[in-house]
Amino acid sequence: MSGTLAKIAEIEAEMARTQKNKAIAHHLGLLKARLAKLRRELITPKGGGGGGPGEGFDVAKTGDARIGFVGFPSVGKSTLLSNLAGVYSEVAAYEFTTLTTVPGVIRYKGAKIQLLDLPGIIEGAKDGKGRGRQVIAVARTCNLILIVLDVLKPLGHKKIIENELEGFGIRLNSKPPNIGFKKKDKGGINLTATCPQSELDAETVKSILAEYKIHNADVTLRSDATADDLIDVVEGNRVYIPCIYVLNKIDQISIEELDIIYKVPHCVPISAHHRWNFDDLLEKIWDYLKLVRIYTKPKGQLPDYTSPVVLPYSRTTVEDFCMKIHKNLIKEFKYALVWGLSVKHNPQKVGKDHTLEDEDVIQIVKK
């Protein structure tokens, strides 16, 4: 373990000493690739002697979405969690031990949202210290990450936390880089760029890929990409998660400062202790989760508006809806009647490939 860490430190030092110019850009690209490889070893250690079954820090995925809370100690994470879960939750006390992190489930707009406190991510977890690594595995499965910051010293913390998460291959509020990458058996590195590149040239791309022992591949750059983007695509284990910065303790600042904070993108100022601005936070969480609620209607009855079936926005076809209820439902599926925004007339007969929209009402007709 310590060997890998030493190597990482060494490369980071070298990157800090290297001045930036065109000739050196590809040397930096190389170092970045080496760094990414070492980091990956830390996140997923090479085979052998896995921690026995007693190690687990796994959390059963309940509810329709899962939100991870990250933050330094004493920024008010726990207060925020217990107040959120206390105010909006129907679940009272959870039987949770200190190992798993299930602080609670809130019901919001009919969706069950699981709130997870991700402890100790900060204290050098990506270097494999502490419980870090299991926490990261859970962090990567979240649909949304809330970074809780102290409004009095936000920026330093924000940087550190972002760097930690980046180091685990979590990318916040960004889309996958628009780079086509395909390995081949022969033919060398084939680089095509559809727009001018400020950082990558053929040589840099070659040296980065060589670091991964890839000598034959097609690379298509469809946007102005950086060395980091290319490494992300080659590594292929990156997850892209939306993120909201929660600035806590706003009871300690002036109104003028609050106005400035409100203009920062992805930011919500709150006071966990006084429960100020929770509704704003929940609205924003809802926006970022992009969940789709579908109401069911038994034949000859009114739709059930109290417990919608909630689907993630990427999978909202009628088939996905059936799978969410029970996997055998699709075998008996004949057609569905849908009322709502996704159809031209109400009700409309649709097949299993029809895409549903938020708050549609559906009735399944079986064979």
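**Close-up views of a predicted model**

View 1. Strand S16 (residues 360-366) is mostly covered, with five of its seven residues buried. Buried stands for under 20% relative accessible area, exposed for over 50%, and partly exposed for values in between, using a 1.4 Å probe and protein chains only. Strands (E, at least two residues) and helices (H or I, at least four) are DSSP runs, numbered from the N terminus. The structure is a predicted model, in which local features need pLDDT of at least 70 and side-chain atom pairs count only at pLDDT 80 or more, while totals for chains, interfaces and linings use all residues. Residues are numbered from 1 along each chain as its sequence is written, and side-chain values use heavy atoms, with hydrogens and water left out. Strand S12 (residues 291-296) runs parallel to S16 and is joined to it by three bridges. In this pairing, Ile294 stands opposite Asp360 of S16. S14 pairs with S16 in the antiparallel sense, over six bridges. Val338 has Ile362 in S16 as its bridge partner. Two strands are taken to pair if DSSP finds at least two bridges between them. In a regular strand, side chains alternate between the two faces of the sheet.

**View 2. The cis peptide bond at Pro347.** Asn346 and Pro347 are joined by a cis peptide bond, with omega at about -15 degrees. Pro347 is found in the loop between strand S14 (333-339) and strand S15 (348-350).

**View 3. Two loop residues with positive phi.** Most residues other than glycine have a negative phi, and most peptide bonds are trans. Asn173 is not a glycine, yet has a positive phi of about 50 degrees. Its place is the loop between strand S5 (170-172) and strand S6 (179-183), and with a relative accessible area of 27% Asn173 is partly exposed. Lys213 also has a positive phi, near 60 degrees. Lys213 lies in the loop between helix H6 (202-211) and strand S8 (217-221), and at 66% relative accessibility Lys213 counts as exposed.

**View 4. Glu162 in helix H5.** Glu162 is located in helix H5 (residues 154-167). Its relative accessibility is 14%, so Glu162 counts as buried. The side chain of Glu162 makes a polar contact with the side chain of Tyr245 at 2.4 Å. A polar contact is a pair of N or O atoms within 3.5 Å; within protein, one must be able to donate a hydrogen and the other to accept it, and residues adjacent in sequence count only if both atoms are side-chain atoms. Not counting residues up to four places away in sequence, Glu162 touches Leu172 and Tyr245, where contact means heavy atoms within 4.5 Å.

View 5. Helix H7 (residues 227-235) is largely enclosed by the rest of the structure, because seven of its nine residues are buried. The buried residues of H7 are Ala227, Leu230, Ile231, Asp232, Val233, Val234 and Glu235.

**View 6. Helix H9 and its buried side.** The 12 residues of helix H9 (residues 278-289) should span 16 Å at 1.5 Å a residue, and the end C-alpha atoms are 16 Å apart, which agrees. The expected span is 1.5 Å times one less than the number of residues in the helix. Phe278, Leu281, Leu282, Ile285, Trp286, Tyr288 and Leu289 are buried in H9. These residues cover an arc of only 165 degrees around the axis, so they lie on the same side of H9. The arc is that of the directions from the helix axis to the C-beta atoms. Just after H9, Lys290 has a positive phi of about 50 degrees.

View 7. A disulfide is a covalent bond between the sulfur atoms of two cysteines. Counting a disulfide as a pair of cysteine sulfur atoms within 2.5 Å, the model has zero disulfides. The cysteine sulfur closest to that of Cys243 is in Cys267, at 8.9 Å, which is too far for a bond. Cys243 is buried, with a relative accessible area of 0%, and Cys267 is buried at 9%.

**View 8. Asp251 and its contacts.** Asp251 lies in the loop between strand S10 (243-248) and helix H8 (255-262). Its relative accessible area is 35%, so Asp251 is partly exposed. Asp251 and Ser271 are 20 residues apart along the chain, and their C-alpha atoms are separated by 6.4 Å. Leaving aside neighbours within four places in sequence, Asp251 is in contact with Ser271, His274 and Trp276.
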